[in-house]
Amino acid sequence: MPEAVKIAPRDQHSPAPLSLDRPCFRPDADTDPAALAEELAAELARLEKTREDDPFSNPVMLLAVELSRRLEAGSLGYAALEQAVQHLTAEGFVDRARRLGRYIGECDPAANDGKLRDAFAALARPRNAEEVGNDGGDVVRFEIFRDRVESESFGIVITAHPTFNISTELMRALAALASGRGASGEILTEDEREALVALARRAEHRPDDDISLAREHALSVEAIEGIQTALRRAYDILFQTARELYPKRWIELKPRLLTVASWVGYDLDGRSDITWTDTLHKRLRIQKAQLERYLADLRDLRGDLGVNDRDLRDTLDLMESRLALAITQASDEIAVFGDSDAGGEEQRERVKEISRRMFEGRSLRLADSSLLVEMLDRAIGKADGRKGTEGLVRRLCVLRAEMANHGLGLAHTHVRINATQVHNAIRKAVGLVTHPNDPRYRVSYTDTINELLDQVKPETINFGSVMGERTSVKRLFMVVAQMLKYSDATAPVRFLIAECESAFTALTALYYAKLFGVDRHVDISPLFETEKALEAGSRVIEQLLENPHYRAYVEARGRICVQTGYSDAGRYLGQSPAAASIERLRLRLIRVMAKHGLRDVRLLIFDTHGESIGRGAHPASFEQRLSYVDTPASRGFMSDEKVLFKQEVSFQGGDGYLYFINPAAAFASVTRILEHALRHGDNSVDDPFYDEAAYIREFFTTVKEFQVGLMDDKDYGVLLSAFGANLLFQSGSRAFKREHEDASEIDYAEASQFRAIPHNAILQQLGLLANSVGGAGAAIARDPEKFRELYPKSARLRQLMGIVEYGAAISDPEIMRGYVDSLDPSHWIVRASDAASPRRADEMLRLAGQLEGLGLHERQNRVFRRLYKDFTILSAALDDLGAEGSGALVGDRTKIALRMLHAIRLAVIHEIFLLATRIPEFSSRHSMTPKQLVTRLLHLDVPPVARLLEEIFPLTEGDAASADFGEPASYHGDEKQSYQFENETIFRPMKGLYTLIRRISTANVHRIGFLG
């Protein structure tokens, strides 16, 4: 493991400010931020001791009030507070790197080489006497070994979920500190480590300024290239191992152990900002990048050839020429389809021109990787057996494996669309007037789509067809058809359908796949994520397999694909019930596969879990992350039922890319995945979790009922919406911030309005992760004796509870109470009675009056009491267990830092509130009254309000009279009318404090370990 990195406090005798790249306030040269942080920690500890005598006190809020008093007295300035926050942020960043390193595990590439050799050698061990060849020995027959390494056992899917919470530069630094190695793979020197820590100290911890889809795609390409490089090394080790075990036949192998896919730029579910040209453009960039990798590899190989390798050189030269031409073609097409103005006449003409060129030159296009694989077969045959060419042959075999696996793109393509869009496309053709599952019409809808499938004949299309189509689903199938025609006809394309609760939906997708001639290349995959879909998912698949069209389709494809999700499931059911429901669905799907006798059809389950505990990522380790979704029990059941299986998981956004943007971390992560996927012999475990079906079902039903009730509670919507996404930096190209014009929108806010990641992220920033821990206390309290009995015996229960334990460890109800009480008029009335000056007291009383009219506190407090009660029961139950579990991963220093950061942010929020009361009266204009404006500030909707204030109270009116209007003017206005005082003492500080609020959110993310 990499050596721990610490940020040492400065010498208190020579304080110096942190040199931030973009400070909000002028740095205070007299501030020692480390010393100030330690002082605040000591003050927090003192305040926490007073709680022993006063259970009604809140140490977090008391520290915030103390900071406010210091700010008012002038003994503490905004700049000092900013520097303390930056110190805590940098310290948290380094702590996050340590946690990430522990999570990944062994990062030494040489050590991971050995782990992979052991894993590959284990594949050659006989599992029964029938697997040994006629000549005996201690390895299985070559055909069995080949089948094991040429089966796709696992898949990585890269997605662009909005978890880009730090800049690209800081992402690379974080991954380097975590692995202990730099971009070259070498161990970091002490100077390099110190430079990375220095970067963390001075940088603003926020996403890149240009966090667009293009930026996300560029980062995804970097992550995918990291995976491919790691996988190349793994393949090389596999061939070395195979050569030792099967010296006469090892070159025949074309391993397909691990696939890589991406939906970045292709996920249209819930997005209207991605055009068809965006999708095609991103796919062409993926193609070009992969072809360039192949070309570079071939040139390196050719450079190692001897003078007697003429035949081999000619083969490689021919491959180079084909690749070079394909790269040129892709570059030209990228230039055309990269123009975002797809509807403009000029763009239309450019598309017409490039379309003609693509069609007329199709005979010279490289759109099938099997051609390159065949060339490499010939090259390997020519090189094999020659003296001293073993290394060359192995490199050729690795390249061939990559081409056979990846095809002509860096990653396989996953497109995603919503079931509603599928229904809208077919509505007129089948007379769809209700939901497809409506029992009154379900049979007739299915009969009608079957009639369409009986009669469907493939249509031909061109890019004009795509441009003219207005139906999202049909247009997407057309784009896929063009991808297959011109980019890569060998790699499969996944067609994911979100919110799929009916067999009719998948049959409709199959109809369009056949209509546009792509059914032999596209895998239609329903997404089961809602409570209803998770319960009905196996029945949907069974209905599909009973349909002759669908059964023939999956038998031809050799796989049946299903997607399950942990985001909406976790949001609506709670994370632990969601995980239990998804596992039950897996077990039912295995039974369906066995019942229908699909021995030659592989069941593929893509679990789109995220990077946080609120989205199904287990906090303990990489292996726990994988086995949380790909459970030993389900693997054992598949083995017993002889069901072929492939698992896929997602790595989402900036947090997910961290595993792959550093070469040592990427190789370690790929090694962990392969170790998990190739493990055999310990999948079928005896766990009482599965024997206690009634208790387990009731346990998680209790949690689910709590979560469902929470999501239905309008007061919970108010709790989330009061500050909402205004606490957060924008962390992805898909917007999730919801601005409020006035308090009435808050009154009617619903929790369901927030997507899963911002929902979870807001809970993190409010200090209590209700999504992960809510309801667990009530579930344990139903039968505490049974829980205490089962917990130590069941690995699966402990694993599911691990997320709850970690969530409880990083939660603190007193923090949430601080935010709720900040909107309590009584809080400000009491503080006004103790204010140091009449002016301050007047501001607080005016603030109390403004809050009185909003009525937010009462509604927030109702749901807070509900959460606090359940958390108290949960805490007592976890204490009673005597086992810390995953909660032990959160140290006391982290908990203290979180309380300090929240106390500082509460003080900063209070400063913004009080500054809002100083805004001068102005005439009602710009469709905004002074009262409405202050209300928006109380919801921390600062940037648009500050812009409006600067417009209403400009720093200067300008000197329009001095311009050339054709006649002289001696009057130039009243210079005293400039609103410099208001701008410098209210508006600018308010903007700086708001930036500080969001920086503290990132600091919290570092301590917690993930966003959303």
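By class, the lining of the largest cavity divides into 7 nonpolar, 2 polar and 5 charged residues. In total, 9 cavities of 30 Å³ or more were counted.

The model is predicted. Mean pLDDT for the protein chain is 91. A value of 70 or more is reached by 94% of the residues.

The protein chain contains 42 helices and 8 strands. Its radius of gyration is 31 Å, close to the 31 Å given by the globule rule for 1012 residues, so the chain is as compact as a globular protein of that length. The C-alpha trace spans about 95 × 85 × 70 Å along its principal axes. Of the 1012 residues, 61% are buried. Among contacts with a separation of 6 or more, 82% join residues 24 or more positions apart.

The second largest pocket was examined next. Its volume is about 740 Å³. The lining of this pocket consists of 28 residues. Ala808, Ser811, Ser875, Lys895 and Arg899 lie nearest the pocket centre. Five helices each supply at least two lining residues: α2 (59–73), α34 (795–809), α35 (813–821), α38 (856–881) and α39 (892–916). Helix α38 gives the most, with 6 residues. The lining of the second largest pocket has 14 nonpolar residues, 10 charged residues and 4 polar residues.

Two residues were then considered individually. Ile524 belongs to strand β5, which covers residues 522–528. The relative accessible area of Ile524 is 2%, so this residue counts as buried. Leaving out residues up to four places away in sequence, Ile524 touches Phe495, Ile497, Ala506, Ala509, Leu510, Ala513, Tyr550, Tyr553 and Cys561. Ile524 and Ala223 are separated by 301 residues in sequence. The C-alpha to C-alpha distance of this pair is 26 Å.

Tyr445 sits in helix α15, residues 442–455. Tyr445 is likewise buried, with a relative accessible area of 2%. Beyond residues up to four places away in sequence, Tyr445 touches Val430, Gly431, Leu432, Val433, Thr434, His435, Pro436 and Phe504. Tyr445 and Glu194 are 251 residues apart along the chain. The C-alpha atoms of Tyr445 and Glu194 are separated by 66 Å.

Terms used: Residues are numbered from 1 along each chain as its sequence is written. This is a predicted model: local features need pLDDT of at least 70, side-chain atom pairs count only at pLDDT 80 or more; totals for chains, interfaces and linings use all residues. Side-chain values use heavy atoms; hydrogens and water are left out. pLDDT is the predictor's confidence in each residue, from 0 to 100. On a 1 Å grid over the protein atoms alone, a cavity is a set of points where a 1.4 Å probe fits but cannot get out, and a pocket is an open set with protein on both sides within 12 Å along at least five of seven lines; lining residues have an atom within 4 Å of a point. Grid points are joined across faces, edges and corners, and a volume is the space filled by probe spheres set on the points. Helices (H or I, at least four residues) and strands (E, at least two) are DSSP runs, numbered from the N terminus. Ala, Val, Leu, Ile, Met, Phe, Trp, Tyr, Cys and Pro count as nonpolar, Asp, Glu, Lys and Arg as charged, and the others, Gly among them, as polar. The radius of gyration is taken over C-alpha atoms; the globule rule is 2.2 Å times the number of residues to the power 0.38. Buried means under 20% relative accessible area, exposed over 50%, partly exposed in between (1.4 Å probe, protein chains only). Contact means heavy atoms within 4.5 Å.
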